[in-house]
Amino acid sequence: MPFRNDGCNASTPQGWYTTARVQETGGVAVTLSTFTQKLDGAVTSLLVESFNSRFGACVGSTFNEGVIPASGAVCGVVGVCTTSSFGTYQLQITGTDTNGHALTVDSPLLQLGARSAGQSISGVESFAGSSPPTPVLPRKW
């Protein structure tokens with residue numbers, strides 16, 4: 001995921017972000033219970049957000065909060081708006097399908113691209129409470 005100097009959000013314009021698509025392929029809807037984000041392999045309180053704050057309907061579909069529809073998908077923007085340096089980003093979702101089976105899904109480990117020379121000040125901000133940027137790079141898992 002490339003580092004971007006602008007477009008993240010108004011208060012912290014720089015960071016790493018990309019689009020994501022989470023697709024259900026087994027034909028059974030999934031109701032989500034947790035959404036966890038990790039930076040450099042560690043769960044971080046800096047990115048405490050709900051699944052619904054990051055994901056919604058994909059183009060041409062509808063969205064029910066907290067649900068990935070049977071044979072359907074949800075789309076969103078993932079990443080972190082920050083002036084700090086990190087190497088990786090990963091998210092995890094857990095839930096239960098309509099047959100009562102618990103599941104946990106980890107995204108691929110996304111490598112965060114190098115920051116331009118001379119950029120390093122502290123601070124981290126999530127997308128919560130702001131409009132996510134218009135992403136450029138699609139990512140599907």
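A: A disulfide is a pair of cysteine sulfur atoms within 2.5 Å. This is a predicted model, in which local features need pLDDT of at least 70, side-chain atom pairs count only at pLDDT 80 or more, and totals for chains, interfaces and linings use all residues. Residues are numbered from 1 along each chain as its sequence is written, and side-chain values use heavy atoms, with hydrogens and water left out.

Q: How many disulfides does the structure hold?
A: The structure holds two disulfides. In one, the sulfur atoms of Cys8 and Cys81 are 2.0 Å apart; in the other, Cys58 is joined to Cys75, with 2.0 Å from S to S.

Q: Is Cys58 buried or exposed?
A: Cys58 counts as buried because its relative accessibility is 6%. Buried means under 20% relative accessible area, exposed over 50%, and partly exposed in between (1.4 Å probe, protein chains only). Cys75, at 23%, counts as partly exposed.

Q: A new topic: what is in contact with Ile68, leaving aside its neighbours within four places in sequence?
A: Contact means heavy atoms within 4.5 Å. With those neighbours left aside, the residues in contact with Ile68 include Val22, Leu32 and Ile93.
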